[in-house]
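Me: I would like to learn how to read salt bridges in a model. Could you take me through them step by step?

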Amino acid sequence: MGRPRKAVPSVEKNISLPRDLVVAVELELYSEVEGKVPFAAWQRYLESLIRADLARRTLAKHRA
């Protein structure tokens, strides 16, 4: 049996980031237990930042 479908499907995006930024983020996301950046850590990190930014922008629009 396959994995159940997500309620909101994902869309793949390919981006390029400055190397120093990538290194800094990977140092933050690195897991001593796994000995690497865990699977999907980048996705969770970016999704949380984007959601926070969109919420901030929505709040700013309502205040204007």
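Reply: Happy to; we will go through the salt bridges and the exposure of their residues. This is a predicted model, where local features need pLDDT of at least 70, side-chain atom pairs count only at pLDDT 80 or more, and totals for chains, interfaces and linings use all residues. Residues are numbered from 1 along each chain as its sequence is written, and side-chain values use heavy atoms, leaving out hydrogens and water.

Me: How many salt bridges does a search of the whole structure find?

Reply: A salt bridge is a side-chain nitrogen of Lys or Arg within 4 Å of a carboxyl oxygen of Asp or Glu. Here the search finds 3.

Me: Which residue forms a salt bridge with arginine 51?

Reply: Its partner is glutamate 47, with the closest N and O atoms 3.0 Å apart.

Me: Is arginine 56 buried or exposed?

Reply: Buried means under 20% relative accessible area, exposed over 50%, and partly exposed in between (1.4 Å probe, protein chains only). Arginine 56 counts as exposed because its relative accessibility is 51%. Aspartate 53, at 25%, is partly exposed, and arginine 57, at 45%, is partly exposed too.
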